[in-house]
Amino acid sequence: MTTPTSPRLEQVRRLVGPVPGPRSTELAARRSKAVSSAIASTMPVYAADADGGVILDVDGNTFIDFGTGIAVTSVGASNPRVVAAVQEAVTHFTHTCFMITPYEGYVRVCEELAARTPGDFAKKAALFNSGAEAVENAVKVARVYTKRDAIVVFDHAYHGRTNLTMAMTSKVMPYKQGFGPFAGEVYRVPTSYPFRDPEGMTGAEAARRALMLVDKQVGAGNVAAIVIEPIMGEGGFIVPAEGFLAELAAWCRANGAVFIADEVQAGFARTGAWFASEHDGVVPDVVVVAKGLAGGMPLSGVVGRAEIMDSVHPSGLGGTYGGNPVACAASLAAIEAVEAEGLIVKAQRIEAVVREVLADQVGVGVLGELRGRGAMLALEFVVPGTREPHPDAARAVAQACLAEGVLILTCGTFGNIVRLLPPLVIGEDVLRDGLGVLRGALIAQR
Ligand code: PLZ
């Protein structure tokens with residue numbers, strides 16, 4: 001791995017005092033008076049700066065970043081290309097509203113999305129602000145195009161926190177509890193979860209299990225869309241068995257439904273390909289993107305077959321901020337960074353290093369499985385000798401890493417997954433140092 005992009009901050013893990021330090025503690029006290037307690041934070045420290053593979057807090061502690069703000073700052077939290085593009089864009093105009101006075105950046109991002117998503121056919125795109133908003137719009141488009149209502153989603157799915165996407169998200173706590181009633185015509189079926197499915201179940205078998213229920217409980221002719229994350233994110237970085245996604249896509253084609261890939265977390269170079277669907281050779285009709293798309297600026301998109309995207313009446317989609325010009329400039333710079341800095345190959349290299357460092361820990365003690373692709377990797381914790389989820393072990397490992405200066409996130413329906421989402425620009429030394437800490441925490445848990 002070559003050196004990371006001109007890092008401003010020294011790329012080294014360093015705790016200079018207690019965590020949290022005095023300034024973070026002071027901010028936490030102010031926060032508790034001003035910020036709703038419904039909003040939680042993983043880290044007890046407040047950010048001052050972030051660059052390459054590290055985050056500096058307000059007390060001078062430097063953490064290795066294995067979280068990227070939930071798979072967002074893949075090109076780094078202050079990639080020089082993104083910073084320069086944002087500075088240039090903001091000098092001219094912060095906003096005009098694309099629905100009022102359009103601008104080139106929006107058009108270019110749509111061109112780039114059409115060029116990079118799988119599928120060799122005419123595509124069009126529309127831009128929004130958040131992942132959830134883009135998922136909602138993908139559903140709106142699919143419903144208009146098919147003139148049907150039903151949306152099929154999966155166990156362990158995460159699609160957002162708005163009313164429709166809460167209905168699509170599987171886990172009740174913390175995402176849905178008390179927030180209903182939820183949107184209708186959303187149907188959930190089992191996914192492919194190789195670690196927890198019957199031994200040897202193939203992707204095709206898992207797909208048949210799901211599609212049989214769709215046929216019997218929803219009715220093939222009522223399905224507007226199947227929406228699935230090609231690698232499930234919040235649900236536990238679940239990589240479906242080979243052939244599962246392809247079978248679902250084929251069913252959609254045969255039954256006139258739209259196959260929507262929610263690539264919000266897995267997309268945009270994260271898994272060692274522009275889009276995670278590519279690993280399975282699957283060509284979605286519609287792809288939803290967000291997170292990494294704009295180097296940390298809020299931007300999301302829906303890109304799909306032109307005839308689907310154009311089926312909605314003029315002015316049927318939109319929003320004040322969707323495709324903000326500064327976010328579009330950041331996105332174009334982030335796309336350039338992925339290419340110029342070889343970040344797809346770097347994502348693959350990250351996977352190789354992680355698998356190498358952790359190889360002898362997998363299947364030992366509480367670590368049931370190491371899975372994922374590229375820089376989207378996860379450790380599933382179990383009660384030793386069983387497949388029973390062990391959330392306490394995941395929490396303890398993440399806490400131990402944090403105490404040593406490594407920011408690591410957990411996830412999973414059962415809360416028993418530690419996920420690794422390092423920036424793709426992370427230097428190999430920092431990566432190995434962080435993994436050494438993680439390895440030590442694993443050994444301590446055995
Ligand atoms: N689809 C696949 O991963 C966001 C959310 C964390 P927004 N995932 C992180 C949290 O606790 O809120 C996500 C995703 C997939 C949709 C979304 C939603 O994207 O930008 O958070 O709305």
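Ala40 is exposed, with a relative accessibility of 69%; exposed means over 50% relative accessible area, buried under 20%, and partly exposed in between, with a 1.4 Å probe and protein chains only. The residue lies in the loop between α1 (22-34) and β1, where helices (H or I, at least four residues) and strands (E, at least two) are DSSP runs numbered from the N terminus. Between the C-alpha atoms of Ala40 and Ile70, which are 30 residues apart along the chain, the separation is 14 Å. The model is predicted: local features need pLDDT of at least 70, side-chain atom pairs count only at pLDDT 80 or more, and totals for chains, interfaces and linings use all residues. Residues are numbered from 1 along each chain as its sequence is written, and side-chain values use heavy atoms, with hydrogens and water left out.

The strand β1 (47-51) belongs to an open sheet of 4 strands with the order β1-β2-β3-β13 and mixed pairing. Its edge strands are β1 and β13 (406-407), each of which pairs on one side only; two strands pair if DSSP finds at least two bridges between them. Strands β1 and β2 (residues 54-57) run antiparallel and are joined by 4 bridges. Ala47 has Asp57 in β2 as its bridge partner.

Strand β7 (residues 223-228) is largely enclosed by the rest of the structure, because 6 of its 6 residues are buried. Strand β5 (residues 150-154) pairs with β7 in the parallel sense over 3 bridges, and Val223 in β7 is the bridge partner of Ala150. Strand β8 (residues 258-262) also runs parallel to β7, to which 4 bridges join it. Here Val227 stands opposite Ile260 in β8. In a regular strand the side chains alternate between the two faces of the sheet.

Together, β7, helix α8 (residues 244-255) and β8 make a right-handed β-α-β unit. A crossover is right-handed if, with the strands pointing away from the viewer, the path from the first strand over the helix to the second runs clockwise. The axes of helix α7 (residues 203-218) and α8 come within 7 Å and cross at roughly 35°. Axes are lines fitted to C-alpha atoms, for helices over the stretch in contact, and angles run from 0 to 180 degrees between N-to-C directions.

Two loop residues are buried. Thr73, in the loop between α2 (68-71) and α3 (80-92), has a relative accessible area of 13% and is buried. Beyond its neighbours within four places in sequence, Thr73 contacts Asp65, Thr68, Gly295, Gly296 and Pro423. Ser277 is placed in the loop between β8 and β9 (286-289) and is buried at 2% relative accessible area. With neighbours within four places in sequence again left aside, the contacts of Ser277 include Pro118, Pro230, Ala261 and Glu263.

A disulfide is a pair of cysteine sulfur atoms within 2.5 Å, and the count by this rule is 0 disulfides. The sulfur of Cys97 is too far for a bond, because the closest cysteine sulfur, in Cys328, is 12 Å away. Cys97 is buried at 7% relative accessibility, and Cys252 is buried at 1%.

Note on methods:
Contact means heavy atoms within 4.5 Å.
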